[in-house]
Every structure is written in C-alpha cells, then in structure tokens.
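Biologist: Let's go through the charged pairs. Keep it brisk, please.

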Amino acid sequence: MPSLEDRGFVHPVASEITPRDVYEGRRTLLRLLAVGGAGLALGIPARAQVSGPGKLPKLAGARSAVSGAATMEKPTSYEDVTTYNNFYEFGTDKSDPAERAHTLKTRPWTVAVEGAVSKPKTFDIDELMKLAPMEERIYRLRCVEGWSMVVPWVGWSLASLVREVQPTGNAKFVEFVSLADKAQMPGVRSRVLDWPYVEGLRLDEAMHPLTLLAFGLYGEQLPNQNGAPLRLVVPWKYGFKSAKSIVKIRFVEKQPKTAWEQSAPQEYGFFSNVNPKVDHPRWSQGTERRIGEDGLLARKRPTLMFNGYESQVGQLYAGMDLKKNY
C-alpha cells in the first residue's frame with residue numbers, strides 16, 4: 001500500500017508538532033461539572049450562550065444537562081473554528097476547506113440508516129434535525145496533530161437515532177460514510193485516502209450520551225467547511241474520529257475498517273482515544289496547542305486522558321490495553 005507521503009499527504013511541520021514533554025493531571029473543574037444536570041443546577045439559562053456572526057440560519061439549542069457536556073473554558077473564536085479545519089475532501093491544508101467548501105450543496109440531502117436495524121430508513125436532513133430536541137454542548141476537540149479547540153456545538157445525542165432505528169442483536173458497531181463527490185469536493189480527486197471517508201464506533205461508544213450528531217455551531221447551522229449539514233462529534237477521541245457531511249450510517253456486526261486504518265494502520269487505530277501516555281509514531285501526544293490563544297513563546301497545554309472526559313467515558317475501556325488498542 002502506498003505511504004501517506006506517496007499519496008500526497010503533507011505532514012505537519014515541526015512548529016505544528018507538540019514537544020516531547022509528558023504531563024499528567026486532572027482538571028478538577030470538569031470533575032465538578034461532571035454531576036448530571038450541572039448546568040441546570042448552577043442556574044445557567046436554558047438557551048444557547050454563544051452565537052455566530054449571523055451569516056447562516058440560526059440553530060439555537062437549550063444548554064445540555066448531559067454530564068460533561070459543558071466546559072467553562074473559553075470557546076475558540078468563530079473565525080478560527082471556521083477557518084482552521086481538517087476536511088480532506090477539500091484539501092489537506094487547514095485553510096483549504098474554508099476556501100473551497102462553497103461548492104458543497106447541502107440541500108437536498110438525505111442520510112440512509114441501514115444494516116442490522118429493525119427500522120431502516122432514509123431521512124431527509126430537515127426531518128432528521130427534528131428527531132430530537134437541539135442542545136448546545138461546549139466540547140473540547142483535541143486533534144491527533146497536537147492542536148485543540150473549544151467549540152460550542154448544536155445537535156443531539158446519537159443515541160436518539162440509535163433508539164429510533166432499533167438495532168438488532170447482530171449490531172455491534174456503527175459505521176459512518178461521508179459524501180465523496182469529485183464534482184463538489186476537489187480533494188476527493190487526490191489519493192490521500194481511499195474515498196469515501198469511513199469512520200466507526202463500537203455500539204456502546206455510539207450510545208454514550210456525549211456522542212453527538214452535530215448540525216450546527218455557535219448557534220447557527222454548520223458552515224460547509226465544518227462538515228455541513230451534519231457531522232459526528234466524539235469529544236474524548238482525536239479530531240480525525242469525526243465523520244463530516246455524513247450520507248450513510250450502517251449498523252454492522254464486524255468492526256469496520258476506517259479510512260485512516262486503511263491508509264496508515266501503523267499510526268491510526270480503530271479506537272483513537274486521546275491518551276497522552278501513548279505517543280504517535282512521529283510525535284508526542286503529551287501536550288497540545290490551543291488555536292487562537294498562543295504565540296510562538298506560549299506554553300503548550302498538557303493533554304488530559306480521554307481529553308478530560310475520563311470520569312464520563314473511562315469505564316467503556318475497563319480492562320483494555322489502550323496502547324495496543326490505539
């Protein structure tokens with residue numbers, strides 16, 4: 001199989017890679033927020049607290065009461081969130097999606113839900129958006145490359161869709177397939193990945209209340225470059241565990257081969273949990289660079305186990321060797 005370099009993939013330059021300093025620690029504030037309904041208990045108004053520039057249709061959601069669904073860290077600016085992206089269907093440079101994704105047409109749009117389910121269905125995107133009440137969730141996203149953001153997403157737990165389609169006993173995993181249209185997505189003409197982009201979760205990971213189907217950010221519908229009209233957000237996993245512009249969701253018995261596993265299995269495993277104690281083969285995972293708040297001399301942040309969501313999701317991996325199951 002050709003290497004990523006042979007496929008035309010440009011690896012991060014040295015300044016984009018975190019140093020080999022390994023830190024340990026816990027964020028006690030998140031532990032306090034881990035109590036179910038913390039936002040409501042603190043008297044936070046049940047409406048979106050942050051908003052975008054008003055260029056896209058509004059998509060406000062009530063502040064989520066799911067344990068761990070709100071961090072008090074400062075959200076990354078809307079400009080940074082929408083101009084610094086990984087979305088290889090539009091190119092490998094961080095600026096490519098914002099510059100090129102205007103070609104993506106998000107209406108009409110359908111999402112086929114199929115496989116080992118009792119009630120398979122093809123949803124129109126506007127119908128799907130109404131399946132469950134919209135919520136605002138302020139999540140941290142830590143990318144495998146060593147940069148991080150804090151993003152106010154709008155959507156609802158993937159578990160709502162899982163319950164709607166009723167998986168059978170054969171369903172052990174959930175596979176997500178993204179749009180791969182050369183006419184709309186210039187990056188699909190490259191050999192960086194074997195298109196379409198495929199991602200996967202274990203069924204219990206998909207059912208976890210923090211796993212989000214996102215339809216918006218900053219109180220507005222998703223911009224094209226951020227994965228419109230819907231994307232997957234799993235806050236305790238690396239940024240690449242985030243299927244965008246989803247067109248198909250399949251419930252399957254066998255563990256699906258994800259796009260990154262196929263392209264570089266020695267570097268990208270199925271689970272993709274944030275683990276600062278296990279280095280990527282080419283750089284450390286011990287620290288991260290928060291987009292928008294650091295200069296050349298700024299100290300990098302320590303990366304937290306499971307991206308700081310250990311108290312909510314650590315039990316999913318009890319007894320597993322997370323170095324082997326990377």
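**Salt bridges**

Modeller: This is a predicted model. The structure holds 19 salt bridges.

Biologist: Which residue forms a salt bridge with Arg107?

Modeller: Arg107 sits in the loop between α4 (96-100) and β2 (110-115). Its partner lies 19 residues apart, in helix α5 (residues 125-129). The closest N and O atoms are 3.1 Å apart, within the 4 Å cut-off, so the pair counts. The partner is Asp126.

Biologist: Is Asp126 buried or partly exposed?

Modeller: Buried needs under 20% relative accessible area, and exposed needs over 50%. Asp126 has 34% relative accessibility, so it falls in between. Asp126 is partly exposed.

Biologist: How many residues apart are Glu114 and Lys248?

Modeller: The side chains of Glu114 and Lys248 meet in a salt bridge, at 3.7 Å from N to O. The pair links distant parts of the chain. Glu114 belongs to strand β2 and Lys248 to strand β11 (residues 246-252), which puts them 134 residues apart.

Biologist: Which residues are linked in a network of salt bridges?

Modeller: The network joins Glu and Arg residues. Its members are Glu73, Arg140, Arg142, Glu288, Arg290, Glu293 and Arg301.

Note on methods:
Residues numbered from 1 in each chain as written. Predicted model: local features only at pLDDT ≥ 70, side-chain atom pairs only at ≥ 80, totals over all residues. Heavy atoms only, no water. Helix = DSSP H or I, 4+ residues; strand = E, 2+ residues; numbered from the N terminus. Buried < 20%, exposed > 50% of the residue type's maximum accessible area, 1.4 Å probe, protein only.
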